[in-house]
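Let us read this structure together, feature by feature.

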Amino acid sequence: MVPLDETDRRLLDGFQRDLPLAPQPYAAMAAALGLTEAEVIARLASLQEAGAVSRVGAVVRPNTAGRSTLAAMAVPEARLEEVGGLIAALPEVNHCYEREHRLNLWFVVTAGDAAGVAAALARVEATTGLPVLDLPLEAEYRIDLGFPLRWT
Amino acid sequence: MDEADRRIVAATQDGLPLLPRPYHAVAEATGLPPGEVMARMERLLAEGAIRRIGAVPNHYALGYRFNGMAVWDVEDARVDALGARIAALGLSSHCYRRPRHPPAWSYNLFTMVHGRTREEALGAVEEIAAVLGDAVRAREVLFSTRILKKTGLRLAG
């Protein structure tokens with residue numbers, strides 16, 4: 001677990017959203033946090049380096065600039081390494097998790113359009129010989145505030 | 001979204017550069033004036049195409065090691081109203097409706113919960129269950145056991 005100090009926590013609590021759309025957004029953050037612009041940039045860089053922050057940027061609504069789906073497969077235990085490795089290596093796959101379930105492999109496929117998503121799923125079925133459950137998004141219920149972090 | 005909007009999203013999907021003027025860097029990458037980059041992002045934010053702009057935490061690295069996908073079979077007539085209420089609770093990071101595929105899959109509501117312990121994540125599931133009440137016919141929690149890949153949104157092409 002990445003250790004964070006009080007300032008890192010204030011930074012994460014205050015700026016999971018509302019990074020200013022101003023020419024110098026980090027300077028605006030610095031003013032709110034009582035730091036200098038250079039300190040904010042250095043902290044963000046080290047939080048990113050340590051993996052505590054995956055990126056500073058925009059969270060885009062799904063299916064806005066492309067198409068994606070959630071896919072699930074029931075992979076025999078003996079083939080999990082092989083199939084999991086194969087799927088994780090696909091450029092269209094951005095998330096791939098093993099989960100505790102009969103459907104034990106879950107992944108998100110993203111492409112420029114619906115045909116690209118369908119082609120990637122068809123390729124997975126053809127390569128592995130296993131059926132893929134296609135669970136596209138039908139509605140997203142908006143989580144506007146981000147998931148609040150609890151520090152204690 | 002028009003072509004210029006898509007160029008902006010593509011240029012920012014890996015994150016903004018940690019430079020004093022990050023939107024100017026995006027402007028350079030997209031060939032748009034900086035003022036237009038900021039104005040377009042402001043508009044995409046107002047329209048909801050951009051959800052938020054900020055530091056995106058990696059919950060796993062922050063100690064939230066238990067990631068549960070809680071799935072629910074919720075009455076069709078009530079799922080949208082209940083989904084909106086669940087999203088507002090702040091107990092889940094994602095809340096989606098997806099199609100059922102009986103008999104392999106009978107769940108239509110997906111909520112992602114996170115905890116530093118399994119019990120903490122399951123506590124959030126119980127709070128969600130209390131709100132869903134008798135609209136739920138069945139549910140399961142699928143904890144992740146291994147992350148094989150996790151990257152930000154990538155656009156093909």
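**Reading the packing**

Helix H5 (residues 114–128) of chain A lies across strand E2 (67–73), strand E4 (105–111) and E5 of chain A, and runs at about 20 degrees to E2(A). Helix H4 (residues 76–88) of chain B also packs on the sheet. H4(B) touches E6 of chain A together with strand E2 (66–74), E3 and strand E4 (109–115) of chain B, and its direction makes about 170 degrees with that of E3(B). The model is predicted.

Q: What is the strand order of the open sheet, and which strands are its edge strands?
A: Strands of a sheet pair through backbone hydrogen bonds, either parallel or antiparallel. Here an open sheet of 9 strands has antiparallel pairing, in the order E5(A)-E2(A)-E4(A)-E3(A)-E5(B)-E2(B)-E4(B)-E3(B)-E6(A). Its edge strands are strand E5 (133–135) and strand E6 (139–140) of chain A, each pairing on one side only.

Q: Over how many bridges do E6(A) and strand E3 of chain B pair?
A: E6(A) and E3(B) (residues 94–97) pair over 2 bridges, in the antiparallel sense. Ala139(A) has Arg97(B) as its bridge partner in E3(B).

Q: How do E1(A) and strand E1 of chain B pair?
A: They pair in the antiparallel sense, over 7 bridges. E1(B) covers residues 50–57. Its Pro57(B) stands opposite Val53(A).

Q: How many residues of strand E1 of chain A are buried?
A: Of the 8 residues in E1(A) (residues 53–60), 7 are buried, so the strand is largely enclosed by the rest of the structure.

Q: What describes two packed helices?
A: The angle between their axes and the distance between the axes. Take helix H1 (residues 3–12) and helix H2 (residues 22–30) of chain B: the angle is about 120 degrees, and the axes are 10 Å apart. The two helices are therefore oblique to each other. H1(B) passes H2(B) in a right-handed crossing.

Q: Which residues meet where H1(B) and H2(B) pack?
A: H1(B) brings Arg7(B), Ile8(B), Ala11(B) and Thr12(B); H2(B) brings Val26(B), Ala29(B) and Thr30(B). By class, the contact has 4 nonpolar, 2 polar and 1 charged residues.

Q: What should I check in the backbone?
A: Most residues other than glycine have a negative phi, and most peptide bonds are trans. Asp18(A) is not a glycine, yet has a positive phi of about 65 degrees. Asp18(A) sits in the loop between helix H1 (6–14) and helix H2 (25–33) of chain A. A cis peptide bond joins Pro102(B) and Pro103(B), with omega about 0 degrees. Pro103(B) lies in the loop between E3 and E4 of chain B.

Q: Is Asp18(A) buried or exposed?
A: Exposed: the relative accessible area of Asp18(A) is 51%.

Key:
Residues are numbered from 1 along each chain as its sequence is written. Chains are lettered from A and ligands numbered from 1 in the order in which they are written. This is a predicted model: local features need pLDDT of at least 70, side-chain atom pairs count only at pLDDT 80 or more; totals for chains, interfaces and linings use all residues. Side-chain values use heavy atoms; hydrogens and water are left out. Axes are lines fitted to C-alpha atoms, for helices over the stretch in contact, and angles run from 0 to 180 degrees between N-to-C directions. Helices (H or I, at least four residues) and strands (E, at least two) are DSSP runs, numbered from the N terminus. Angles under 35 degrees count as roughly parallel, over 145 as roughly antiparallel, 65 to 115 as roughly perpendicular and the rest as oblique. A crossing is left-handed if the near helix is turned anticlockwise from the far one by less than a right angle, and right-handed if clockwise. Contact means heavy atoms within 4.5 Å. Ala, Val, Leu, Ile, Met, Phe, Trp, Tyr, Cys and Pro count as nonpolar, Asp, Glu, Lys and Arg as charged, and the others, Gly among them, as polar. Buried means under 20% relative accessible area, exposed over 50%, partly exposed in between (1.4 Å probe, protein chains only). Two strands pair if DSSP finds at least two bridges between them.
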